[in-house]
Amino acid sequence: FYARPFQLVNQDGENVTEADYLGKPSAWFYGFTFCPDVCPTALSEMSAILEALGPDADKLNVIFVSVDPERDTAEIMKDYVDYFDPRIVGLTGSLDAVTAMAKDRYIFFEKVPLEGDDYTMEHQASIQLVDANGAFFGTLVDEESFSIRLAKVQRLVGGA
């Protein structure tokens with residue numbers, strides 16, 4: 001189901017579609033740059049997984065999709081993903097485009113108002129793994145140890 005069409009913008013301001021991420025396996029995470037805990041933790045762990053993969057890291061796309069495109073511009077996404085690992089791709093776009101993509105991939109998110117005019121985003125925390133053809137392969141979840149998550153990604157890229 002990951003081969004379903006979408007059109008978003010990467011952290012360099014370039015238009016991208018689902019075709020740009022086919023041909024090698026991918027790890028997809030949906031979150032936002034203002035996230036206080038889940039997102040930075042997940043991206044730090046993906047950076048550690050890329051490090052642990054060594055040369056096999058080149059066989060994997062790691063993609064962070066913003067569920068808060070109102071605040072997460074391409075420039076903000078670039079600074080954010082580069083902080084964790086320059087190999088992580090950041091995607092954003094119009095709210096309609098992000099919503100349609102998330103719905104196609106069974107990703108839940110919603111805006112939650114806070115005091116004043118502020119808000120936060122409620123979103124799922126798992127990382128979805130897909131194979132090179134865009135077929136669902138599995139998930140990485142918080143409850144798993146690092147070694148289990150690494151083993152899943154190694155299996156995905158064919159390095160184990």
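Here is a short walk through the fold, the core, the cysteines and the charged pairs of this chain.

Hi everyone. A word on ground rules: this is a predicted model, where local features need pLDDT of at least 70, side-chain atom pairs count only at pLDDT 80 or more, and totals for chains, interfaces and linings use all residues. Residues are numbered from 1 along each chain as its sequence is written, and side-chain values use heavy atoms, with hydrogens and water left out.

Let's start with the fold. The protein chain has four helices and nine strands; these are DSSP runs, H or I of at least four residues for helices and E of at least two for strands, numbered from the N terminus. Going along the sequence, you read β-β-β-α-β-α-β-α-β-β-β-β-α.

On overall dimensions, the C-alpha trace spans about 50 × 30 × 25 Å along its principal axes. The radius of gyration is 15 Å, which agrees with the value near 15 Å that a compact globule of 160 residues would have. For the record, that radius is taken over C-alpha atoms, and the globule rule is 2.2 Å times the number of residues to the power 0.38.

Of the 160 residues, 47% count as buried. Buried means under 20% relative accessible area, exposed means over 50%, and partly exposed is in between, with a 1.4 Å probe and protein chains only. The chain exposes about 7,800 Å², and carbon and sulfur atoms supply 53% of that; the areas come from the Shrake-Rupley method with a 1.4 Å probe, and for residues only the protein chains shown count as cover.

Contacts next, meaning heavy atoms within 4.5 Å. Among contacts with a separation of 6 or more, 67% are between residues 24 or more positions apart.

Now to the inside. The largest nonpolar core has 46 residues, and those with the most contacts inside it are Trp28, Leu60, Phe64 and Leu91. Helix α1, residues 38–53, gives the most to this core, with seven residues. By nonpolar core I mean a set of buried Ala, Val, Leu, Ile, Met, Phe, Trp, Tyr and Cys residues joined through side-chain atoms within 4.5 Å.

Val62 lies in strand β4, residues 61–66, and is buried at 3% relative accessible area.

On to the cysteines. How many disulfides does the rule give? The count comes to zero, where a disulfide is a pair of cysteine sulfur atoms within 2.5 Å. Cys35 is in no disulfide, and the nearest cysteine sulfur, that of Cys39, is 3.2 Å away. Cys35 is buried, with a relative accessible area of 8%. Cys39 also counts as buried, at 0%.

Next, the charges. Side chains of opposite charge can pair when their charged atoms come close. The rule here asks for a side-chain nitrogen of Lys or Arg within 4 Å of a carboxyl oxygen of Asp or Glu, and the count comes to 11 salt bridges.

One of them joins Arg4 to Asp104, with the closest N and O atoms 3.8 Å apart. That pair links distant parts of the chain: Arg4 is in the segment before β1 (7–10) and Asp104 is in helix α3, 100 residues apart. Arg4 is partly exposed at 35%, and Asp104 is partly exposed at 25%.

Other pairs involve buried residues. Asp68 and Arg71 come to 2.6 Å between their closest N and O atoms; Asp68 is buried at 1% and Arg71 counts as buried at 17%. For Lys152 and Glu144 the closest N and O atoms are 2.3 Å apart, with Lys152 buried at 18% and Glu144 buried at 16%. Salt bridges that share partners also join Asp12, Lys78 and Asp82 into one network.

Last item, the backbone. Most residues other than glycine have a negative phi, and most peptide bonds are trans. Tyr106 sits in the loop between α3 (95–104) and β6 (109–113), and is exposed, with a relative accessible area of 59%.

Thanks, everyone.
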